Amino acid sequence: MEQFRRVCEAKKENSGHWQYESSAESARPIITTLRDLQETSDQIHSIEGCLSGSIAFILSTLSEMVPFSEAVREAVQQDYAENDVRDDLSGLDFARKVVILARQIGLEVNLEDVEVESILPDEIINKVYDGDTYPAILEDLKCLDAPMQECLKAADAQDGAIRDIFVIDKATGKCKLSLDI
């Protein structure tokens, strides 16, 4: 947080520009939009949505015919996922983006402050893999095929979809990531 403050202060003192739009939401102008809203005196009370293209792809690919592990394989093959797909599936990459947005609206948060409901069990997150990790991780992800199918059935029963969403509540300072239907 201290380094972030120093960079922001240096930017102000030197009338510089800090272009970090690509740090959140694949260079979509979300940070510019937030900045524009703030500069025109609009009040931002909360932000919510999905910032993970890889998770969005995986969850939209998931179907009765495509199990979770296969949807992850497709995301990796199409280069939607991080080099270590666990960064996406654990919520780590998503949480980093939430921190960027939360700081943009004036919250003093760090990565540890973001409450993350991970798709992955701790056993896979913390497992040390030897050599080429990708095939072994995909094999381990098969343990999530059945639970994710159940989640998909629950979403279908509600005429909904599974989404990995975030909420930043400015009043409480709370930042959270979770699966939602």
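Pro-67 is located in the loop that links helix 3 to helix 4, where helices (H or I, at least four residues) and strands (E, at least two) are DSSP runs numbered from the N terminus. The structure is a predicted model, in which local features need pLDDT of at least 70, side-chain atom pairs count only at pLDDT 80 or more, and totals for chains, interfaces and linings use all residues. Residues are numbered from 1 along each chain as its sequence is written, and side-chain values use heavy atoms, with hydrogens and water left out.

The protein chain comprises 9 helices and 4 strands, arranged from the N terminus in the order α-α-β-α-α-α-α-β-α-α-α-β-β. Of its 181 residues, 37% count as buried; buried means under 20% relative accessible area, exposed over 50%, and partly exposed in between (1.4 Å probe, protein chains only).

With a relative accessible area of 28%, Pro-67 is partly exposed. Contacts of Pro-67 (heavy atoms within 4.5 Å) are made with Leu-62, Asp-145 and Gln-149, when residues up to four places away in sequence are not counted. Pro-67 and Leu-141 are separated by 74 residues in sequence and by 10.0 Å in space, C-alpha to C-alpha.

Helix 4 spans residues 68–77, and Phe-68, Ser-69, Ala-71, Val-72 and Ala-75 are buried in it. These residues lie on the same side of helix 4, because they cover an arc of only 160 degrees around the axis; the arc is that of the directions from the helix axis to the C-beta atoms. An α-helix has 3.6 residues a turn, so residues three or four places apart point the same way. The buried residues of helix 4 pack against helix 3 (53–61), helix 5 (86–89), helix 8 (133–141) and helix 9 (145–157). Just after helix 4, a positive phi of about 60 degrees is found at Asp-79.

From helix 4, Phe-68, Ser-69, Val-72, Arg-73, Val-76 and Gln-77 meet Tyr-134, Leu-138 and Leu-141 of helix 8. The residues of this contact divide into 6 nonpolar, 2 polar and 1 charged, where Ala, Val, Leu, Ile, Met, Phe, Trp, Tyr, Cys and Pro count as nonpolar, Asp, Glu, Lys and Arg as charged, and the others, Gly among them, as polar.
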